[in-house]
Amino acid sequence: MKEKKQQPTTSKKSSHNTLDWIEKQLRDVVAFEMGLSIKNE
């Protein structure tokens, strides 16, 4: 596979880190919601 032209790593890295953080937050929320629904059933 040919590599794409390199983009500035700083902007790419920060946006990637933000996405990772958002994904973690979402996972925490989903796990929390699932825990609540399991308790309520």
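Start with Glu23 and Arg27. Their side chains meet in a salt bridge, at 3.3 Å from N to O. By salt bridge I mean a side-chain nitrogen of Lys or Arg within 4 Å of a carboxyl oxygen of Asp or Glu. Searching the whole structure turns up 1 salt bridge.

A word on the source. This is a predicted model, where local features need pLDDT of at least 70, side-chain atom pairs need 80 or more, and totals for chains, interfaces and linings use all residues. Numbering runs from 1 along each chain as its sequence is written, and side-chain values use heavy atoms, without hydrogens or water.

Helices here are DSSP runs of H or I, at least four residues long; strands are runs of E, at least two; both are numbered from the N terminus. The protein has 1 helix and 0 strands.

Now exposure. Buried means under 20% relative accessible area, exposed means over 50%, and partly exposed lies in between, using a 1.4 Å probe and protein chains only. Glu23 is partly exposed, at 43%. Arg27 is exposed, at 53%. Of the 41 residues in the protein, 0% are buried.

Next, Thr18. This residue also lies in helix 1. Thr18 is partly exposed, at 42% relative accessibility. Its side chain reaches back to the backbone oxygen of Ser14, at 2.8 Å.

On to Trp21. Helix 1, residues 9-40, holds it. Trp21 is exposed, with a relative accessible area of 53%.

Last, the surface. The protein exposes about 4600 Å², and carbon and sulfur atoms supply 59% of that. These areas come from the Shrake-Rupley method with a 1.4 Å probe; for residues, only the protein chains shown count as cover.

Technical notes. A polar contact is a pair of N or O atoms within 3.5 Å; within protein, one must be able to donate a hydrogen and the other to accept it, and residues adjacent in sequence count only if both atoms are side-chain atoms.
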